[in-house]
Every structure is written in C-alpha cells, then in structure tokens.
Amino acid sequence: MRKSNITLALALFAFMMTLSLAAQDTMSAQGAAPQTDKAAALQKLEKMSAALKLTPQQKQQVRPILMEEAPKLKALKTDTSLGPMQKAMQMRQIADATDAKLKPILSPTQYQTWQQMRAQERQQMMQKMENR
C-alpha cells in the first residue's frame with residue numbers, strides 16, 4: 001500500500017513537472033524570459049491544434065479554456081506554501097477540470113489522442129526525474 005502511494009505521488013509530481021517544463025518551453029532559443037501566461041496558453045493551443053487537427057471552431061472554443069488554465073498553473077507552480085505532493089494533487093485537479101471542459105468540444109478520437117498526449121508527458125517527466 002505504501003509503495004502504491006509513493007508511486008502515485010511520483011506520478012502526480014511528474015505530471016506537475018511536465019506542465020512546468022511546458023511553461024519553460026515557452027522560452028526563446030536566445031534565453032529570453034518566459035512568455036506571459038497568454039503566450040504560453042496560445043503556444044499550447046497551437047501544439048494541441050496541430051496534434052489533434054482542431055477545426056477553427058474547436059480552436060475558438062478551446063482557447064478560453066487554456067487561457068483560464070495558464071494562470072492557475074503558474075500560481076500553483078510559484079506557491080511555496082505547498083509541498084510537492086499537494087502541488088501535484090492540485091495540478092491534477094486543474095488538469096482534470098480542463099479535461100472535463102475539453103471533452104465535449106473534442107471528438108472521441110481527438111479526446112483519446114489528448115489523453116495519450118497527457119500520458120506521454122507524464123511518462124517523459126518520470127524519466128527525467130529518474131535521470132536526476
């Protein structure tokens with residue numbers, strides 16, 4: 001039981017770190033400061049749009065959802081009053097809320113692909129954590 005709790009904690013932390021790295025990816029190649037929440041959300045929208053082949057109408061519906069999510073993630077990332085487990089759990093709650101809003105917009109195939117993208121991000125983060 002304890003091992004499964006640790007595994008869950010690591011998975012949640014990995015997910016949180018994945019989103020954190022996604023925000024860091026918004027930095028330019030020249031080492032400039034991270035983009036604003038809005039710019040990060042728009043970059044995520046473009047990545048999502050390409051991967052899921054969103055229609056213009058879907059992009060229009062997804063944009064405000066991602067714009068709402070970005071400042072929440074940033075605030076959580078910078079909140080020093082929370083421990084890693086608490087942050088991971090809240091990160092998961094934010095992601096679940098976003099997914100719930102996206103599900104009716106996306107086709108079943110797109111939503112399945114979205115879930116696979118999330119799983120890949122979590123797996124990549126776990127690998128990066130293990131390498132540290």
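Buried here means under 20% relative accessible area, exposed means over 50%, and partly exposed is anything in between (1.4 Å probe, protein chains only). Keep in mind that this is a predicted model, where local features need pLDDT of at least 70, side-chain atom pairs count only at pLDDT 80 or more, and totals for chains, interfaces and linings use all residues. Residues are numbered from 1 along each chain as its sequence is written, and side-chain values use heavy atoms, with hydrogens and water left out.

The structure has six salt bridges, each being a side-chain nitrogen of Lys or Arg within 4 Å of a carboxyl oxygen of Asp or Glu. Take E46 and K59, whose side chains pair up at 3.0 Å, N to O. E46 sits in helix α2 (residues 37-52) and K59 in helix α3 (residues 56-78), so this bridge ties together parts 13 residues apart in sequence. (Helices are DSSP runs of H or I, at least four residues, and strands are E runs of at least two, numbered from the N terminus.) K59 is partly exposed at 24%, and E46 is partly exposed too, at 44%.

Now look at D99, in helix α4 (residues 84-102). Its side chain meets that of R118 in a salt bridge of 2.8 Å, N to O. That links helix α4 to helix α5 (residues 108-131), across 19 residues. Both partners, D99 and R118, are buried. Beyond its neighbours within four places in sequence, D99 also has Y111, W114 and Q115 among its contacts, a contact being heavy atoms within 4.5 Å.
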